[in-house]
Amino acid sequence: MDIFWYALVGLLLVGYLTLEGADFGVGMLIPFARDEADRARMRRLVVPLFLANEVWLVAFVGLLFGALPLLEGKLLAGLRIPVTLLLLAWFLRDAALWFRSAHPGAGWRRAWDAVLPVASLVLAAGWGVVLSVLIRGLSIGGGGQPTATLGDLLHPFTLGSAAVLVLASLRQGIFFTALSAGGDNPLGERADRLAKQLTLALAGLILLTAVIGLVSCDAKVAVAINGLFPAIAVLGSGRDHANGKTVRALARGAAPLIALPVSVGIANGTTALATRSGVGELSLGDAVAASSTLTLLAVTVLPALVAVAFAQAWFWRVFAPGRSAGRAPEPVAG
Amino acid sequence: MTEVDLARLQFATTATLHFLFVALTLGLVTVVACMQTRGLRTTDPELRATRMRRVRFWGGLYVINYALGIISGLAQEFQFGLNWSGLSHVMGNIVGAPMAVEAIVAFFLESTFLGLWAFGFNRLPARVHAVLIWLVALTAYASAFWIMVVNGFLQKPVGYEMRNGAAEVTDWFAVLTNEATWIALAHIAGAVSVLAGLFLAAVSAYHIRRGREVEFFRPTLVQGSLLATIGAFVAIVVGFASYGPLKDYQPAKFGILTGEHDEVEKAKAAAEALHGVGDWAPPSWITGPSNLMMVIGVLVLLLGWIPATAARGGGKPLPARTFRLRLAVILLPLAPLGLICGWLTREVGRQPWMVTGELTVKQAIGDVSWGGMLTSYIAFTVVLTVLAVVDVSLLRRYALLGPDGGLLAADDLFPVDGRRPDGGTPVAVGAGGPGGTSVPHTY
Ligand code: HDD
Ligand code: HEM
Ligand code: HEM
C-alpha cells in the first residue's frame, strides 16, 4: 500500500510537469511573437488551460501532506530556497496570465509581458533543480536534517538538468503554438527553424547531463534512464514535427519532463528522501501516514480522482487548441 | 523577533490576505449562481438578457477576485511544509488528510469547473453552464469545510490518540463532526454574506447615485443590503452561541473574551498542573479585536438594510436619495475589518498552543534559520501584497466601469481592449483559437 500512495503522489507530479511544460514554453516564447496581436493570441492559448493544469501541483502537495506527511515536512524544509523561488515565480506567472489584458495601458502590458517569460523560465529551471537534487541525494544541514546546500543547487548535474527542462519546455511551447495556430503561426517562419535547432541542442544536452550524472551520482541506473529514453524520444519527436505530426511531437517531446520525476522514484526506491551520506534518510515505511489516515484518503480521494479525470477530460474537449467558440453546441433554450 | 514569531507573522499575513479574497468568493458565488438560475428560468428573452448581463458583470468581478484567492491559497498550502514541519511530525496523520481531501475533492474539481464556467459562456449549452456555477459553489464550500476541519482540530483536538510521539486518528467521525469546525463554519457563512452583501450594495449604490444603469443596479442594491443584514444576524447569533462550547474547550480564551478573570485563573492553574509552570493563557489584547468585531456585527444589523429602502416608494427619484446610497458605500470597509478581527480573536486566542493542550507553537516550528525565515517572510509579503493591491485595483476599476466594462463577455477572460464602449452585444474579440468565428452570446 505504501508504494501505491507513493506512486499516486508521483503520478500527480508527472501530470503537472507534462501539462505545464507547454505552458512554461509558451510563456517563455512571448518575446518572440511578432506583434501585439500575436502576443495576445499566444497568451490566450494557455489562458483557459493553465488553471486546470496547475491544480495537478496543488493536488500533488495536498496528497503528499495527507499520505506521506513526514516526507512533506522534510522535503519542503530541506528544499526551502528553491521551493520558495518556485512559489514566487508561480504567483507571478499566474498573475501575468490573469491580469495582462485586464487593463489597456501599454506600460501595463509591457510589464506583464516581461514578467511572464521570466517567471516561466524560473519555473521550468526550478523544477529541473529540485528534481535533480533529489536524484543526487541531499546533504546534511546544521540541524542534522536533509538539506539542499548551495553546492547542491549549483552542481553541474543540477544546472544541466535545469537547462534540459528549460529547453524541453521551450520546444513544447513551439509545438503547442504551431498546433493551435494552424496556418498562421504567431512565431512566424522562425518557429520551424527554432524547433529543429532545439531538437539537436536538447538531445545533446540531455546526454551531456547524463554523463555528468554518471560521474557524480550514485544512482547510475536512474541517471542512465533519465538520459537515454528522453534523448531518443526527443529525436523522434523532432522527426514527427518535421513530418507535420505535431500532436505526436508534443507527446514524445514531453519525455524529458516525465523522465526526471520518474527517475527520482527509481533513484530513491523505498527511501522516500535520500541523502548522499545515508545519514538522516527517511524511509517510505516511516514517511507514510497511519492506516486509519490512509483509509479516509482511500474512501474520499480515490472516487474524487475519478470525478476529476472526467472533469479534466471535459475541460480539454471544450478548450483544446483548435476548438473555437463557433463549434459550441446549440443552447438548450433561449 | 525570534524565528517562531516570524513564522507566525508570515502565516498571519498570508492567511489574512487569503481569507479576505476567499470570503468574497464564498459570498459572491452563491449570489451569482442564484442570478444565473433566475436568468435561465424566465422565458421572456428581454428579461433573460438583462439577468444574464447581471451574471456577466458580477461574475466578472467574482473571477477577478478568484485569481488572488488561488494565488494566496498556494502560499498557504506550502507554508505548512516550509515552516511548520513540526506540525506534520506530530499531527501529520490528522491534519494532513483533510488538507489532501481539500486539495483533491475541492480544488482540483473547483478549478476545473471554474475554468469551464468562466471561459464557457459562449461554448456550453445554457443549462450545463448554469449547473457549472453551482458545482463551483459546492466545491468552494467543500473546501472551506475541509480546511476548517483542520482549524477546528487545532482549536479542539478530538478523536485521536498519541502513539510513539505522533497522533493517530481513532475516530474520524469525531474529527469531522467537531463542534469547533461546524460552529465556525456557520459563523463564517454569516460573515461572508456580510461581505458579499455590502459589496453588492456598495457597487450598486455607487452607480445609482451617478444615475447610471439605475434599473440594472436597483435589484442588487436591495438584495445586497438584505443579504448583509441577514448575514450579520446569523454571525451574531452563532457568535454568541459559540461562547458555551468555547468555555469547555478553550477556557482561558473564553475567560479573556468575556472578562471573567476567575475563569482565566482557573484555566491557568489547570494548565500549570498538567504542563508545568509557564504562561498558558493567550494575550489579553484579543479583547480589542473581539469587541470591534461585535460592534461591527451590531452596526451592520442596525444599518445594513437601510439602503434597500431607497429603492422603494415614490417621491424623490432613486439617484437623489443620497444619504442612503452613501451609507451603502460607507459600510463596506466594515466587513473586511470584522473578518480580520474575528480571525485575530480565534487564532491569537489559541496561543500558546498550535494544537490546544497538545502541541505548542514553539514545538511545531521546523528547523529554519532566522535569516531564512526573514528572507522568505519579506519575499512572500512583498509579492503577495503587490499582487493583492493590483487585484483590488482591478476589482475597483471594473466595478466602477459598470456592466459595459465587459469581463466575461468575449471569449477571453477579459476582452482584448479592456472595455467595450459600445455596450451592446459582446464582440468575440479575435476569437479563441485559429479560425475562431465571432458568435453572439448564447443567451
Ligand atoms: C464580518 C465579519 C464578522 C462579524 C460581523 C462577526 N464575526 Fe465573529 N468571527 C468572524 C467574523 C465576524 C470570522 C472572521 O469569520 C471568525 C474567525 C474564525 C471564525 O470561525 O470566524 C470569527 C470568530 C469569532 C469568535 C472566535 C471563535 C473561536 O475562537 O473559536 C467569536 C467568539 C466570535 N467570532 C463572536 C462573534 C460575535 C459575538 C459577533 C457579533 C456580535 C461576531 N462574532 C460578529
Ligand atoms: C484563512 C483564514 C485564517 C486566518 C485569517 C488566520 C489567521 C491567523 C493569525 C492572525 C495567526 C497568528 C496568530 C499568532 O501568531 O498569534 C495565525 C496563525 C496560524 N494559523 Fe491561522 N488563520 C486562518 C486559517 C487557518 C487555518 C484553516 C489553519 C489550519 C489549517 C490555520 C493554522 C494556523 C497556523 C499553523 C498558525 C501559525 C502558528 C500560530 O501562531 O498559532 N489557520 N492564523
Ligand atoms: C490556512 C489554511 C489554508 C490553506 C492551506 C488553503 C489552501 C488553499 C489553496 C492551495 C487554494 C488554491 C486552490 C486552487 O488552486 O484552486 C485555496 C483557495 C481557496 N480557499 Fe483556502 N486555504 C486555507 C484557508 C482557507 C479557509 C479558512 C477558507 C474558508 C473558510 C478557505 C477557502 C478557500 C476557497 C473557497 C478557495 C478557492 C479559491 C477562491 O475561492 O478564491 N481557505 N486555498
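## A cis peptide bond in chain B

B:Pro352 sits in the loop between α14 (334-348) and β3 (353-355) of chain B. The model is predicted. The peptide bond leading from B:Gln351 into B:Pro352 is cis. Its omega is near 0 degrees. Most peptide bonds are trans.

## A positive phi

The phi of B:Glu213 is near 50 degrees. That is a positive value in a residue other than glycine. Most residues other than glycine have a negative phi.

B:His18 belongs to helix α1 (residues 3-41) of chain B.

## Helices α2 and α3 of chain B

Two packed helices are described by the angle between their axes and the distance between the axes. In chain B, helix α2 (residues 45-83) packs with helix α3 (residues 85-119) at an angle of about 155 degrees. Their axes are 11 Å apart. Because angles over 145 degrees count as roughly antiparallel, α2(B) is roughly antiparallel to α3(B). The crossing of the two is left-handed.

Which residues of α2(B) and α3(B) meet? From α2(B) come, among others, B:Val55, B:Tyr62, B:Val63, B:Tyr66, B:Ile70 and B:Phe80. The α3(B) side includes B:Leu87, B:Met99, B:Ala103, B:Leu114 and B:Trp117. The residues of this contact between α2(B) and α3(B) divide into twelve nonpolar, five polar and two charged. B:Glu77 in α2(B) and B:Glu110 in α3(B) are among the residues that meet.

## The interface of chains A and B

The size of an interface is often given as the accessible area lost when the parts come together. Chain A and chain B bury about 7,000 Å² between them. Carbon and sulfur atoms account for 75% of that area. Three residues, A:Arg80, A:Phe91 and A:Trp98, supply 11% of the area that chain A buries against chain B.

How many residues of each chain are in contact? Chain A contributes 76 residues, and chain B contributes 84.

Key:
Residues are numbered from 1 along each chain as its sequence is written. Chains are lettered from A and ligands numbered from 1 in the order in which they are written. This is a predicted model: local features need pLDDT of at least 70, side-chain atom pairs count only at pLDDT 80 or more; totals for chains, interfaces and linings use all residues. Side-chain values use heavy atoms; hydrogens and water are left out. Axes are lines fitted to C-alpha atoms, for helices over the stretch in contact, and angles run from 0 to 180 degrees between N-to-C directions. Helices (H or I, at least four residues) and strands (E, at least two) are DSSP runs, numbered from the N terminus. Angles under 35 degrees count as roughly parallel, over 145 as roughly antiparallel, 65 to 115 as roughly perpendicular and the rest as oblique. A crossing is left-handed if the near helix is turned anticlockwise from the far one by less than a right angle, and right-handed if clockwise. Contact means heavy atoms within 4.5 Å. Ala, Val, Leu, Ile, Met, Phe, Trp, Tyr, Cys and Pro count as nonpolar, Asp, Glu, Lys and Arg as charged, and the others, Gly among them, as polar. Buried area is the accessible area (1.4 Å probe) that two parts lose on being put together, summed over both.
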